[in-house]
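I wanted to look up how two chains meet in a model. These are my notes, in the order I made them.

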Amino acid sequence: MPEPPFDHDTNEAISSDSLTVEQAIANLQGEDLGLRVYAAWWLGRFRVDEPLAIDILITALDDEADRTEAGGYPLRRNAARALGKLGDRRAVPALIQALSCSDFYVREAAAQSLELLGDPSGIPALLALLQDQIPGTLPAPEPPYLVQPYDAILEALGTLQASAAVPLIVPFLQHEIPRIQYAAARALYQLTPDPREASQYGDRLVAALAGDELQLRRAALADLGAIGYLAAAEPIAQTLAENSLKLIALKGLLETQIQQRQPPGLNEGAIRVMALMDELL
Amino acid sequence: MPDTLKTLIAAVDAADSSARLLEAVQDLANAADVGAVPTLIAALSYNNPGAAVAAVDGLIKIGEPAVPALLDQLDRHNYTARAWAIRALAGIGDPRGLTTLLGAATADFAMSVRRAAARGLGTLNWPQFPADELEMAQAEALDALLFVCDDEEWVVRYAAVTGLQALAAAIWHSQPDWRTPILAKLDQLGTQDPIWAVRARVWWAQQQLQQLPEPPTSVGAEPIHEVIANWRSTLENLYRRKSQERPLPEGDPRRFRDLAASMTVPLPEA
């Protein structure tokens, strides 16, 4: 029985010349809501980190014009996602504010973007959200109706080195949703200074590569690539998933192994990973 | 068709779960029988990565007899299946795959296809090429690989580096002058590529190429400055051609028409 289709090359089909920077910025301020939402996505996709674009995207985080029937904010979601990709820390206070948005997907995008921007000032708000202490936040509109975007929050806490969060993260290793368990393991790996102790969390993700569901194996691949856990190299190469995703995960391992970031800079681990990658091309 | 092969094919057709399909394709692939080729090719488009890997392995094991069917049935509409078929062609390394790999590496819209083809261009089975066409085939592969080293996707550039390394090793003695453009390209990627994984792969390629023995001094070789000038004009021509051809959504074989016409690799007798 065929697996459900997975379009891992989709981004390539998108042509960058469908819009210009000037047009996108103009569209983002225009009347047409559909064009505004598209322009917000487009500015992030093509990394248009111009100050004017950042300013308008920050303003769009307060948008009230664009609402879904269920009360969601499509423009805010896309603006929050774009701001993470544009790498300008001026967006941090507005993204922290967006963690209080009633729309689940705005909060999810804001947590992901705070992680990408690498600014620890978002940690207190992320911790409050993890404990569901921010009033007015509605659960996800679809099953399983998660109360908060836990995986995005946990991943952000790990990347932002929120060591004090460890006791709050540990219970999520038992969460009923595997994707959230993985996010907790990933964060705990990043927050545990002793490599031997940390490896138990990496090994949980390795075990997930042997799971039955392709979707979950893909999630575990992404997490292992993000933490660069070298002991996962061979299991990654052998798991049943698309080579494209295995290569991205191994790239994460390789880049963690490059010791001096100039030639020759290659240790035994880096060469081991590259040999596996060659076989997956 | 022997009964065992029939049974193995029937098991693939009857598979009603992802796991059973994988198992059936693996069994069929292990048989390494040329009669399995159409079923194995069909398995490339089932959107089951495990089954596809097994089918590619089986096609590579069957080798040359699988090449005509692979070339004939390259899936034009399903890029995932096309990427797997290109991987099989690359793994077999048969000279008849050259023009397909050239087109796929430089112009296919799917990065998984370009990546598989770029690697394959370096690892073709060069000794199988007719002696009078080997140099031309390797020159075309080199042209294409140098071009693909500037692909916009990191994984395609990574694959092009592995292809370039393999090609460099293959021509190290026969075409010592070609080392100049290859080493220059590696040097550029190794210091400037924005993706560190690509740079790391370049460093590894450089380390391995440095370990190759020096070729004997060639007598009456073309003076090096002339070779570089020739390369520059070759590359300029290539880039001009590519900038015109890139908008084409699919691998465009026109670019390779002349080479294809000149390739007279005989098909094995039926």
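A polar contact is a pair of N or O atoms within 3.5 Å; within protein, one of them must be able to donate a hydrogen and the other to accept it. I kept in mind that the model is predicted. With that definition I looked up the count between chain A and chain B, and it is seven residue pairs in polar contact, both residues at pLDDT 80 or more.

Next I noted which elements of chain A give two or more residues to the side that touches chain B: helix 1 (10-13), helix 15 (243-257) and helix 16. I sorted the residues on that side of chain A into 21 nonpolar, seven polar and 10 charged.

I then took the whole interface. I found 38 residues of chain A in contact with 37 residues of chain B. The two chains bury about 3,200 Å² between them, and 60% of this lies on carbon and sulfur atoms.

How do helix 16 of chain A and helix 10 of chain B pack? I read an angle of about 95° for residues 268-280 of chain A against residues 154-171 of chain B, with the axes 11 Å apart. The two helices are therefore roughly perpendicular to each other.

Last, I looked up salt bridges between the chains and found a count of one. B:Arg201 forms a salt bridge with A:Asp278, and their closest N and O atoms are 2.8 Å apart.

Definitions and conventions
Residues are numbered from 1 along each chain as its sequence is written. Chains are lettered from A and ligands numbered from 1 in the order in which they are written. This is a predicted model: local features need pLDDT of at least 70, side-chain atom pairs count only at pLDDT 80 or more; totals for chains, interfaces and linings use all residues. Side-chain values use heavy atoms; hydrogens and water are left out. Axes are lines fitted to C-alpha atoms, for helices over the stretch in contact, and angles run from 0 to 180 degrees between N-to-C directions. Helices (H or I, at least four residues) and strands (E, at least two) are DSSP runs, numbered from the N terminus. Angles under 35 degrees count as roughly parallel, over 145 as roughly antiparallel, 65 to 115 as roughly perpendicular and the rest as oblique. Contact means heavy atoms within 4.5 Å. Buried area is the accessible area (1.4 Å probe) that two parts lose on being put together, summed over both. A salt bridge is a side-chain nitrogen of Lys or Arg within 4 Å of a carboxyl oxygen of Asp or Glu. A polar contact is a pair of N or O atoms within 3.5 Å; within protein, one must be able to donate a hydrogen and the other to accept it, and residues adjacent in sequence count only if both atoms are side-chain atoms. Ala, Val, Leu, Ile, Met, Phe, Trp, Tyr, Cys and Pro count as nonpolar, Asp, Glu, Lys and Arg as charged, and the others, Gly among them, as polar.
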